[in-house]
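Biologist: I have a new model open and would like to go through it with you. Can we take it step by step?

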Amino acid sequence: MNTVSPAHSFTMIEMVVVIVIIAIVASVVLMRLPSQGGAESELKQWREYFRELAADYRRSAMMTRQQLDIRYDGSRHRWILPREDEEAPEIPKNMTIQIGTEEAPEEEVMVFSFFPDGHINGPTVVMELEKNRLELRPSPLTGALLIYLNTPEKAEEEVPEPLFGKDK
């Protein structure tokens, strides 16, 4: 009968240790790889952020009967919100902001105004990151902030829900 001598075989514990080490190395390597669609994913997060922010500010302006303004500070590359207890997420350094037809200025400028009667005013804002674009277009007639996400592969149009009731 042919048997393998113990000097030439691996124990079960040695096999498990090797598999665990391979799994750890693989997970570290996978975590360091850039995630697919990183810029697109980042802009989708901004899309959701602005969708919720616009709905909240429109509702708040109507309820408090006060105008609320969202500003952009070009010198610090950040959004400035009117409520002191809120802070906007940090804008990635490689993201470009265009307000209206020009690059964002270096000083602080008003971007979107939400009025007590429910409408919104401001220029179109384009946030661009690695060939992916997010357009924020206020609609003074409907009071909505129309949001468009354009990636190299596709273009999506986001039409917001009406604030109160359904359109007939």
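This is a predicted model: local features need pLDDT of at least 70, side-chain atom pairs count only at pLDDT 80 or more; totals for chains, interfaces and linings use all residues.

Biologist: How many helices and strands does the protein have?

Modeller: The protein has 2 helices and 10 strands. Helices (H or I, at least four residues) and strands (E, at least two) are DSSP runs, numbered from the N terminus. Along the sequence the pattern is α-α-β-β-β-β-β-β-β-β-β-β.

Biologist: And how much of the protein is buried?

Modeller: Of the 168 residues, 33% are buried. Buried means under 20% relative accessible area, exposed means over 50%, and partly exposed is in between (1.4 Å probe, protein chains only).

Biologist: What about the accessible surface of the protein?

Modeller: That surface comes to about 11,500 Å², and 56% of it belongs to carbon and sulfur atoms. Accessible areas come from the Shrake-Rupley method with a 1.4 Å probe; for residues, only the protein chains shown count as cover.

Biologist: Which strands make up the open sheet, and in what order?

Modeller: The open sheet has 4 strands in the order E2-E1-E5-E6, with antiparallel pairing. Its edge strands are E2 (78-80) and E6 (120-121), each of which pairs on one side only. Two strands pair if DSSP finds at least two bridges between them.

Biologist: What holds paired strands together in general?

Modeller: Strands of a sheet pair through backbone hydrogen bonds, either parallel or antiparallel.

Biologist: How many bridges are there between E5 and E6?

Modeller: Strand E5 (residues 108-114) and E6 pair over 2 bridges, in the antiparallel sense. Phe114 stands opposite Ile120 in E6.

Biologist: Which helix packs on that sheet?

Modeller: Helix H2 does, touching E1, E2 and E5. The direction of H2 makes about 145 degrees with that of E1. Axes are lines fitted to C-alpha atoms, for helices over the stretch in contact, and angles run from 0 to 180 degrees between N-to-C directions. Contact means heavy atoms within 4.5 Å.

Biologist: Take Ser60. Where is Ser60, and is Ser60 buried or exposed?

Modeller: Ser60 is in helix H2. Ser60 has a relative accessible area of 15%, so it is buried. Leaving aside neighbours within four places in sequence, Ser60 is in contact with Arg65, Leu68 and Arg83.

Biologist: Which other residue has a positive phi without being a glycine?

Modeller: Lys131 is one, with phi near 70 degrees. Lys131 lies in the loop between strand E7 (125-129) and strand E8 (132-139). Its relative accessibility is 69%, so Lys131 is exposed.

Biologist: New topic. How many salt bridges are there?

Modeller: The count comes to 10 salt bridges. A salt bridge is a side-chain nitrogen of Lys or Arg within 4 Å of a carboxyl oxygen of Asp or Glu. One of them joins Glu48 and Arg51 at 2.6 Å, N to O. Glu48 and Arg51 both lie in helix H2, 3 residues apart, about one turn of the helix.

Biologist: What about Asp73 and Arg76?

Modeller: Asp73 and Arg76 form a salt bridge, with the closest N and O atoms 2.8 Å apart. Asp73 is buried, with a relative accessible area of 5%.

Biologist: Which residues are linked in a network?

Modeller: Glu128, Arg133, Glu135 and Arg137 are linked in a network of salt bridges. Glu135 is buried at 12% relative accessible area, whereas Arg137 is partly exposed at 32%.

Biologist: Last one. Which residues make the nonpolar surface patch?

Modeller: Phe10, Met12, Met15, Val16, Val20, Ile24 and Val28 make a patch of about 710 Å². Patches are made of residues with over 30% relative accessible area and no salt bridge: like charges are joined within 9 Å, nonpolar side chains (Val, Leu, Ile, Met, Phe, Trp, Tyr) within 5 Å. Val28 lies in helix H1 (residues 12-32) and is partly exposed, with a relative accessible area of 36%.

Terms used. Residues are numbered from 1 along each chain as its sequence is written. Side-chain values use heavy atoms; hydrogens and water are left out.
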